[in-house]
Amino acid sequence: MKAILEAVKSNKLKGITKVIVISNNPEAPGVNIARDDYGVQTVTILNKNKQDFENELLSILSINNFGVTDTLICLAGFMRIIGPTIVNKFQYRIINIHPSLLPSFRGLNAQRQALDAGVKIAGCTVHFVDTGIDTGPIILQKCVPVFSYDTEQSLSDRILVSEHEAYVTAIELISSNRIKVKDNKVVEG
């Protein structure tokens, strides 16, 4: 999230004009970073069941004058599954980053899964969110070598550097209308 906010602040993401950070965790460091370091409006949705959470999220997006056609929802450290109501309303407008080269190592502990599998190349994937877990159309991927001495933490740290770069690049591709989804695949266009 911080890399995204920095790219917005430095005008690298020219198509982004309004930003809000929404969290389901009031203790998330990103909430303070967004508000205090970047002056970005923040909202926390607390302890809601799935339907109430989605209703409140839709309300927040509406109150802040975000439109379905120009809204881009970037999941960054958001550890809650977005349900079909939101996914379908914002089809191909919600993106996520995952610390593996999807479709390999979906879900939690992707770096541990990569190490356990003995892969030589790991990385990260920015993808559109669909109703599955890490199954949406892939926007872009960045590779990171896996070394014999890697731990889950050392691999995670290296992947995180690539995640920051990849996420900003993906947002720029989307906000400048340089990609589209065709037959469930991302293509230039």
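## Salt bridges and exposure

A salt bridge is counted here where a side-chain nitrogen of Lys or Arg lies within 4 Å of a carboxyl oxygen of Asp or Glu. The structure is a predicted model, in which local features need pLDDT of at least 70 and side-chain atom pairs count only at pLDDT 80 or more, while totals for chains, interfaces and linings use all residues. Side-chain values use heavy atoms, with hydrogens and water left out, and residues are numbered from 1 along each chain as its sequence is written.

The structure contains 6 salt bridges, and one of them joins the side chains of Arg-35 and Asp-36, with an N to O distance of 3.2 Å. Accessibility is classed by relative accessible area (buried under 20%, exposed over 50%, partly exposed in between, with a 1.4 Å probe and protein chains only). On that scale Arg-35 is partly exposed at 38%, whereas Asp-36 is exposed at 52%.

Helices and strands are taken as DSSP runs (H or I of at least four residues for helices, E of at least two for strands) and are numbered from the N terminus. In helix H5, which spans residues 110–117, Arg-112 and Asp-116 are 4 residues apart, which means that about one helical turn separates them. Their side chains form a salt bridge with an N to O distance of 3.0 Å; Asp-116 is exposed at 58% relative accessibility, and Arg-112 is partly exposed at 32%.

Arg-112 also forms a salt bridge with Glu-152, their closest N and O atoms being 3.4 Å apart. Because Glu-152 belongs to helix H6 (residues 152–175) and Arg-112 to helix H5, this pair ties together parts that are 40 residues apart in sequence. Glu-152 is partly exposed, at 28% relative accessible area, and a network of salt bridges links Arg-112, Asp-116 and Glu-152.

An open sheet is formed by 4 strands in the order S3-S4-S5-S6, with mixed pairing, where two strands are said to pair if DSSP finds at least two bridges between them. Its edges are strand S3 (73–75) and strand S6 (138–145), each of which pairs on one side only, and the twist from one strand to the next averages 15°. Strand S4 (residues 94–98) and strand S5 (residues 121–128) run antiparallel and are joined by 4 bridges; Ile-97 has Val-126 in S5 as its bridge partner.

Helix H6 lies across S3, S4, S5 and S6 and runs at about 155° to S6, with axes fitted as lines to C-alpha atoms, for helices over the stretch in contact, and angles taken from 0 to 180 degrees between N-to-C directions. Leu-160 is found in helix H6 and is partly exposed at 38% relative accessibility. The C-alpha atom of Leu-160 is separated by 7.6 Å from that of Pro-99, although the two residues are 61 apart along the chain.

## Packing of H1 and H2

Two packed helices are described by the angle between their axes and the distance between the axes. For helix H1 (residues 2–9) and helix H2 (residues 29–38), the axes come within 10 Å and cross at roughly 20°, so H1 and H2 are roughly parallel to each other, a class that covers angles under 35 degrees.

The contact, meaning heavy atoms within 4.5 Å, is made by Lys-2, Leu-5, Glu-6 and Lys-9 of H1 together with Ile-33, Ala-34 and Tyr-38 of H2.

Key. Parallel < 35°, antiparallel > 145°, perpendicular 65-115°, else oblique.
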